[in-house]
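Take a look at the structure below. We will start with a term, then go through charged pairs and a surface patch.

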Amino acid sequence: MKKGGLKMKNLLYKEFRLVIHPLFYAVLLFGALLLIPEWVYFLALMYFFFIALPNIFSVGKAQNDIGFSVMLPVRRKDIVKARMLAIIILEILQIIVAAVFALVNLAIYPKGNFLMDTNATFIGCVFIMYAIFNVIFFPMFYKTAFKIGFPVIAATTAAIVFATAVELSVLFVPALRILDGTENLAAQLPVLLGGIIIFVLLNIAAYKSSVKSFQSIDL
């Protein structure tokens with residue numbers, strides 16, 4: 001294994017063993033809220049940045065993880081990459097868990113939901129929602145590498161606005177109703193694929209912007 005890859009592996013190990021408490025993995029089970037009938041299902045996926053992410057960064061702050069990390073023989077951009085990768089891995093796990101319960105939802109509620117159903121469009125939009133959160137939160141956080149509150153509020157607000165816009169659009173725009181239900185999978189799969197692509201691209205943009213900000217601050 002190359003030296004850089006070994007360092008990244010060790011940094012990720014630090015994130016998952018020292019910063020991310022095992023209790024935070026329980027937040028992934030909020031995906032089970034997709035089994036609630038007639039509900040706003042985006043809320044189930046929002047608990048990740050309502051609960052898990054703010055507490056993960058608060059734990060890191062309490063442990064002075066940033067101060068410790070910059071003293072290690074690693075590049076600052078690798079510190080950012082490790083934290084972002086850890087969060088992105090948790091987000092993807094959250095989506096996978098939610099996707100399982102989404103399929104169960106479709107099986108037990110064949111008539112669908114008044115609002116958006118837990119179909120391929122929904123999962124694609126969840127990828128976009130997480131991407132919007134990340135592209136706002138991480139660059140704002142790494143401007144100080146200390147303040148958590150306002151970046152979380154700003155990113156959460158943007159994610160809620162996006163989810164609300166999706167729900168209302170599918171509900172009130174006739175042309176977009178093919179994205180709801182389960183009858184138009186051919187129209188919904190491109191949304192899923194597009195959501196994954198946007199998730200990747202926005203996270204890359206968030207990483208580059210975060211590195212630029214983190215490298216410019218004096219710690």
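Buried means under 20% relative accessible area, exposed means over 50%, and partly exposed lies in between (1.4 Å probe, protein chains only). This is a predicted model, in which local features need pLDDT of at least 70, side-chain atom pairs count only at pLDDT 80 or more, and totals for chains, interfaces and linings use all residues. Residues are numbered from 1 along each chain as its sequence is written, and side-chain values use heavy atoms, without hydrogens and water.

Begin with Arg83. Its relative accessibility is 3%, so Arg83 counts as buried. Arg83 forms a salt bridge with Asp65, with the closest N and O atoms 2.8 Å apart. A salt bridge here is a side-chain nitrogen of Lys or Arg within 4 Å of a carboxyl oxygen of Asp or Glu. Helices are DSSP runs (H or I, at least four residues), numbered from the N terminus.

Asp65 is buried too, at 6%. Its side chain also meets that of Lys14 in a salt bridge (2.8 Å, N to O). Lys14 lies in helix α1 (residues 3–19) and Asp65 in helix α3 (residues 65–70), so this pair ties together parts 51 residues apart in sequence. Lys14 also pairs with Glu15 (3.1 Å, N to O). Lys14 is buried at 8%, and Glu15 is buried at 2%. Shared partners join Lys14, Glu15, Asp65 and Arg83 into one network of salt bridges. The structure holds five salt bridges.

Now turn to Ile89. It sits in helix α4 (residues 76–108). At 36% relative accessibility, Ile89 counts as partly exposed.

Technical notes. Helices (H or I, at least four residues) and strands (E, at least two) are DSSP runs, numbered from the N terminus.
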